[in-house]
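Thanks for making time this morning. I would like to walk you through two places in this model, and I will take them one after the other.

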Amino acid sequence: MVALFRLTQRYIRRRRMQSLLFVLGVALGVAVGVAIDLANRSASAAFDLSVRSVTGRTTHQIVGASGSIPTSLYTRLRSDWGVRTSAPVIESYIRVEEMGGRSMRLLGIDPLAEAPFRDYLTVAPGADPDATAQALYNFVAQPNTVLLSADLAAQYALAPGDTLTIQARKNPRATLVIAGLLTPQDKASRQALRELLLVDIATAQEVAGQPGEISRIDLILPDSFDVEQLAASLPAGTTIITPSQNADALRQMAAAFKLNLQALSLLALLVGMFLIYNTVSFSVVQRRPVLGILRSLGATRQQLFILVALEAIMLGAIGTGLGLALGTVMGQGAVRLVSQTINDLYFRVTVEQVTINQETLLRGALIGLLTSVFAALLPALEATTTPPVGVIQRSRLEQRTLRRLPVWSAVAAALVASGYVLLRLDSESIMLALAALLTVLLGSALLTPIFLVALARGISPATSCLLGVVGRMAPRSVARSLSRTGIAVAALTLTVSTVVGISAMISSFRTTLTDWLTVTLGADIYISPYSEGGNSVAVDIDPELPATLAKLNGIARVASVRSVNVRAPDYPALPPVNLVAPDVDITDGKRRFAWLTAPGGDFWAALEGGQVIVSEPFAHRRHITPAQNQITLLTEHGPHTFTVAGVFYDYTTDQGTLMMHYSVYKHYFDDPYLSAIALDLQPGTDVERVLEQLRTGILSSTGLQAQSNRQLRANVLTIFDRTFAITVALRLLAIVVAFIGILSALMALQLENTHEYGILRATGMTPRKLSALTFLQTGLMGLTAGLLAVPVGVILAIILIYEINVRSFGWSMSFAPDPAGFIQAIGVALIAALAAGVYPAWRIRTLSAASAIRSE
Amino acid sequence: MPFSLARPPVLHIQSVQKTYASGCAQCAVLRDITLEVAAGEFVVLLGASGSGKSTLLNLISGIDQPDHGRIVIDGTDITRLSETARTIFRRDHIGIVFQFFNLIPTLTVLENITLPLELRGESRRHCEEQARHLLRRVGLEDRAGDFPDKLSGGEQQRVAIARALIQQPELVLADEPTGNLDSENGKRVLALLTELTREAGRTLIMATHDPTIVPLADRVIRIQDGQLQEQAHTTESILPLISTN
């Protein structure tokens, strides 16, 4: 065993470049997976912390239909029902001027009821108890005071007694005085407080413009408590839920996004696996004489297997270690991209740092090592077939590979077919769709060698005619060294087809989105609160504003919409329903529907009649069909069931949207406010002039922004592009791994062909022509990968668009790939392959013909 | 001691030295070699394995460069040429036959033979005409389309001879051309090589450790420990050399 170890170690040392490429392949594959996992987990950890920080030890919460409940309910709860461990809470997002306009969470609490629930007000060991006591006294005794963490105060150079100017829902400008600074004892509370401002409940009501209302009542109920009975006795429009139920629903929002990201992160590892296979199988071929000698000296097949596997394990271990370190560093960048998307699309989460998770590292290490061993398995088994006497010629090995080509191609076809069958199964599982995708991808990768041989043979007459003997030799040597070139080209095909597939999907999505925006954004100007995404609307719009706006010069029509979250009791595991209530159809009847049961297709009449329409993702998540077209919402008057008149195409949120007429909304919800306003201008009116007039006039101190149709459209597309930014990084990394694969294959080819190159030099081939031969070989490999990647990528895009997207997000989109993307893909494959040829070409130019001839 | 010839030399080697680094020591393979070879002459370089025969052939062909000294072929000092110029000179003026045939596996028999001409940029048609003529001469006209791995060792070496002669080089270098063949095939290949070179008036320098080749040569040069030690101009005078090997 020691001898085997020594042999492996020396071989690795002698083949430094090959070994380095192996290590790099594993390292990058592991690093990408680890980085994404760390980013996902860090975002989840930050979200959990944020949830824990505001729920504390709460076991149940009483919430209202549209986000608020009367304060009187809290009084009744304590006096009539005797629930003493209860605390009123107002939760809202505000913007703080002194913190650079940063959006913060405002938590209104009753300091006297708070102790059992949260630890913010507990004095940390070592903190000055007198200062804390003074801070709490000021907080309770003085109105309009705020408590914030000492860390946060230090960050913005704030001190007790300073004033904060804030912008809140229904209150564009209020001031709060810092009563004191908090230093909570536990790390979680300290971190949570960096995002939080604490005010007493009365101040919160005043700041948030909700006199007599609170957001919820937190409860700590013993197990024996009859929750059902309490729920039954609550007034209409209120319900009791558990905090975990709420958090789970929120968490579930981003689950599909994270899963898809994780699947994509596996791509680099998959490509890396091909690279490992290539390196190990090359090392087996190269060491056949040594393996033969070992066999003749009495080494068993098992020992030869161990010898080869040991190499993979040793290099795999080094690569994995590097990958873990690199992944942790890359995680810092990935977490920013992931949390940005989660903020844009789902919920607010601030990730201050990457949480180094042991499970992630362990999983990364296992995946790296197992992938290395798995990829080395076939070559290691092949090593055991080395005969004790004599050496199998390389040409015979290649002939064997060529003979096996039909078998591999049949396996490839079977894999593609089974992928198709998996997709046709009656299932909505995302995992199953991803498995089908992987099967199709692997099948396509296995088709690469036959395609390579066909292309090499097909192109040979043309290259021969154009480039003479070099043009004849290059395609033949690529086809004859199939065991090397086939795998490298398969890895590159895999990568480039994924690039093509994802690009085509993104392009289709973008086209669909742009079309949708054209239909939906019919107005000239949109007025809405400044938003940082993640459902954090800071300001509600005064219901009188539309009438004021209508009086302005040049305004032809004013449309307003209310957007709130309401509860659907039948779907407790899903997040609250995003209800949108417009008073005017700004699409002027152009809205497109997946299906519509409204008589004469007049959906607006159906809305006016009390029916609702829902978006595609909404229907997908709740299985709403023309036959199952009822949805119950918790209104201010209690649960009410609405009939769904149709399902419309909408790309606002993958959680889905329910639309009802504003007059119907007003009937069921006691909420006078608005969320956005759309303005149609009279023909010939200068949009920019009106915008300027609005920004400097009516809207100047309202916390509202006015955007032109063009600006809003651009903003939507910016968020769209930002969402897919991480996929660009992942695709680039996969290309780097594939590049290493081609480089490794070329180096292998070169090592094997050194003698042949020496003969060519002796026969009169100049160094330049030899370089040209290398570039022609590598170019052909790149071209094969590029050409094959286009159809495979299109199939991938179709699966992504029609299966994975639908299953993950419920969106349907038209297939509209950008043809330039296909040309780019071929270009990427060619450039990657040619770039991989630079070093081998340089080496070949500086090759000593004499020593090359001597090498055999 | 310099060698002198009656006919004008096609090859003139003067004070050539070559050392290789072996570990940390410098190992002199050729020491102060001076030699002249006349046009049309058949010279055998006789020496044991490791004596420096192949190194000398590599230097003559320009595959390798000497540390000191000059090598002039047909008036051109190849030691002063760049790598590329040496390659082109070799392509145009020198034919090489190797011990292990060294055919290019990705080229057919015909294509292997036409390779030097094609590298020179000559028309495919012309190359093929020349190659087919040579294929007939080496008795392999029916194997033109085969790849080298379909040929026996003797057949492969016959193809290699045809490849070495196709560009009508002034100088043909053969490094142990029979070393990898059985005696019957060895004899056939040797006969073919000498016949074709003599017929075309080419100069042939053959490195070998096989003394039975000696009777066919015009001159035999013994190489030992990197030095040319003896030479003979007639088969009679080298008979004593045969007995020493």
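Leaving aside neighbours within four places in sequence, A:I742 is in contact with A:A488, A:L492, A:T778, A:M781, A:A832, A:A833 and A:A836; please keep in mind throughout that this is a predicted model. A:I742 and A:L492 are also the residues that touch the most other members of the largest nonpolar core, which has 261 residues. Because domain 1 (1-56 + 244-389) and domain 2 (60-241) of chain A both give residues to this core, it lies between them. There is also a second, separate core of 49 residues, and among its members are A:I527, A:A581, A:V647 and A:L704. As a general remark, nonpolar side chains in soluble globular proteins tend to be buried together.

Let me now turn to chain B, and to strand 8 there, residues 203-208, where 6 of the 6 residues are buried. Which residues point which way from this strand? B:T203, B:I205 and B:A207 point one way, while B:L204, B:M206 and B:T208 point the other way, and all of them are buried. In a regular strand, the side chains alternate between the two faces of the sheet.

As for its partners, strand 8 of chain B runs parallel to strand 3 (residues 42-46) of chain B, to which 5 bridges join it, and here B:L45 stands opposite B:A207. Strand 7 (residues 171-175) of chain B likewise pairs with strand 8 in the parallel sense, over 5 bridges, with B:A174 standing opposite B:M206. From strand 7 the chain crosses through helix 6 (residues 183-200) of chain B to strand 8, and this β-α-β crossover is right-handed.

Key: Residues are numbered from 1 along each chain as its sequence is written. Chains are lettered from A and ligands numbered from 1 in the order in which they are written. This is a predicted model: local features need pLDDT of at least 70, side-chain atom pairs count only at pLDDT 80 or more; totals for chains, interfaces and linings use all residues. A residue is buried if 20 or more other C-beta atoms lie within 10 Å of its own, exposed if 12 or fewer, and partly exposed in between; C-beta atoms are placed from the backbone. Helices (H or I, at least four residues) and strands (E, at least two) are DSSP runs, numbered from the N terminus. Two strands pair if DSSP finds at least two bridges between them. A crossover is right-handed if, with the strands pointing away from the viewer, the path from the first strand over the helix to the second runs clockwise. A nonpolar core is a set of buried Ala, Val, Leu, Ile, Met, Phe, Trp, Tyr and Cys residues joined through C-beta atoms within 7 Å. Domain bounds come from an automatic or database domain assignment. Two residues are in contact if their C-beta atoms, placed from the backbone, lie within 7 Å.
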